[in-house]
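This briefing is intended for reading alongside the sequence and the model. Its points are grouped by topic.

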Amino acid sequence: MNALAPDEWQALALSLRVGLLSVLGALPFALALAWLLSRRRFPGRLLIEALLFLPLILPPVVTGYALLALFGTHGPLGEWLGSIGVVVAFRWTGAVIAAAVMGFPLLVLSIRVAFDNVDRRLEDAAETLGARAWRRFATITLPLSLRGIAAGCVLAFARAFGEFGATISFVSNIPGETRTLPIAIYELLNTPGGMPGVHRLALVSLIVAFAAAATAAAMAGGAPWRRSARDG
């Protein structure tokens with residue numbers, strides 16, 4: 001296989017950057033929502049859980065259109081951001097938002113499972129010793145959930161890396177700006193003589209996907225709930 005062309009390296013670098021930033025941007029919100037769903041019962045909880053699953057169920061193009069309606073020049077959020085000089089539609093920052101939205105459910109679900117499997121008795125014991133909620137979270141819940149959080153981050157990154165439908169609907173295909181690896185593959189598929197590039201980029205995608213899946217599986221394999229199952 002020949003080496004990647006310069007524009008293919010550019011698409012790969014953009015996909016890696018978008019995937020990484022989408023996870024970093026979504027992680028604080030995912031931690032907060034996962035903790036809320038794991039530790040609290042409140043009115044509207046079912047509605048929040050249903051909304052959380054929507055990006056996994058809706059066609060990605062619909063999600064991208066919804067983002068464009070919200071963050072576009074005349075959208076409610078886009079108009080407000082534009083008033084302070086921030087534009088995300090048809091920008092690489094918009095690709096980050098699209099990737100974060102598509103990977104967010106996987107991130108929250110993985111973290112929530114990790115939180116659910118923390119022994120509540122440890123938290124209760126810390127509470128009886130006077131530890132406040134934030135301290136219990138920082139010293140008990142979070143450290144014991146690190147494997148699950150890391151696995152969720154890897155899965156969310158992999159989902160963001162392979163995102164296509166929402167991205168192209170929201171930020172289009174602009175070389176050097178929004179042309180991620182999946183969009184580059186789609187473009188090459190429709191370009192005469194583009195099959196060698198498709199083969200190169202498909203192989204790169206396979207390598208990244210396999211590495212992410214293997215990493216997530218290794219992390220989940222060492223999680224407390226898996227160890228308990230084996231011990232039982």
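The notes below cover a pocket, a surface patch, salt bridges and selected backbone positions.

The structure is a predicted model. Its largest pocket holds about 490 Å³ of space, and the salt bridges come to nine. The points that follow take these features in turn.

**Largest pocket**

- The lining of the largest pocket consists of 19 residues. Pro55, Ile97, Ala100, Val101 and Phe104 are the ones that lie nearest the centre of the pocket.
- Three helices each contribute at least two lining residues: H1 (6-39), H2 (45-57) and H5 (92-116).
- Sorted by class, the lining has 16 nonpolar residues, three polar residues and no charged residues.

**Nonpolar surface patch**

- A nonpolar patch on the surface is formed by Leu47, Leu51, Leu54, Leu58 and Val62. Together these residues have about 410 Å² of accessible area.
- Helix H2 gives the most to the nonpolar patch, namely three residues.
- Leucine 58, a member of the patch, is placed in the loop between H2 and helix H3 (60-71). With a relative accessible area of 33%, leucine 58 is partly exposed.

- Side chains of opposite charge can pair when their charged atoms come close.
- Arginine 200 and glutamate 8 meet through their side chains in a salt bridge, at 2.8 Å from N to O. Because arginine 200 belongs to helix H11 (residues 195-221) and glutamate 8 to helix H1, the pair ties together parts that are 192 residues apart in sequence. Both arginine 200 and glutamate 8 are buried.
- Glutamate 123 and arginine 39 form another salt bridge, with their closest N and O atoms 2.8 Å apart. This pair links distant parts of the chain, since glutamate 123 is in helix H6 (residues 120-128) and arginine 39 is in helix H1, 84 residues apart.
- Glutamate 123 has 9% relative accessibility and therefore counts as buried, the cut-off being under 20%. Arginine 39 has 13% relative accessibility and so also counts as buried.

**Other salt bridges**

- Aspartate 119 is joined to arginine 121 by a salt bridge in which the closest N and O atoms are 2.9 Å apart. Aspartate 119 is partly exposed, with a relative accessible area of 30%, whereas arginine 121 counts as exposed at 64% relative accessibility.

**Selected backbone positions**

- Most residues other than glycine have a negative phi, and most peptide bonds are trans.
- Phenylalanine 90 is not a glycine, yet has a positive phi of about 60°. Phenylalanine 90 is placed in the loop between H4 and H5 and counts as partly exposed at 36% relative accessibility.
- Serine 172, likewise not a glycine, has a positive phi of about 65°. The loop between helix H9 (165-171) and helix H10 (181-189) contains serine 172, which is partly exposed with a relative accessible area of 28%.
- Glycine 78 lies in helix H4 (residues 76-83) and is buried, with a relative accessible area of 9%. From C-alpha to C-alpha, glycine 78 and alanine 11 are 26 Å apart in space, and they are 67 residues apart in sequence.

Notes. Residues numbered from 1 in each chain as written. Predicted model: local features only at pLDDT ≥ 70, side-chain atom pairs only at ≥ 80, totals over all residues. Heavy atoms only, no water. 1 Å grid on protein atoms, 1.4 Å probe; cavity = no way out; pocket = protein on both sides within 12 Å on 5 of 7 lines; lining within 4 Å. Points joined across faces, edges and corners; volume = space filled by probe spheres on them. Helix = DSSP H or I, 4+ residues; strand = E, 2+ residues; numbered from the N terminus. Nonpolar A, V, L, I, M, F, W, Y, C, P; charged D, E, K, R; others polar. Patch = residues over 30% accessible without salt bridge, like charges linked within 9 Å, V, L, I, M, F, W, Y side chains within 5 Å. Areas by Shrake-Rupley, 256 points an atom, 1.4 Å probe, with all protein chains shown as cover. Salt bridge = Lys/Arg side-chain N within 4 Å of Asp/Glu carboxyl O. Buried < 20%, exposed > 50% of the residue type's maximum accessible area, 1.4 Å probe, protein only.
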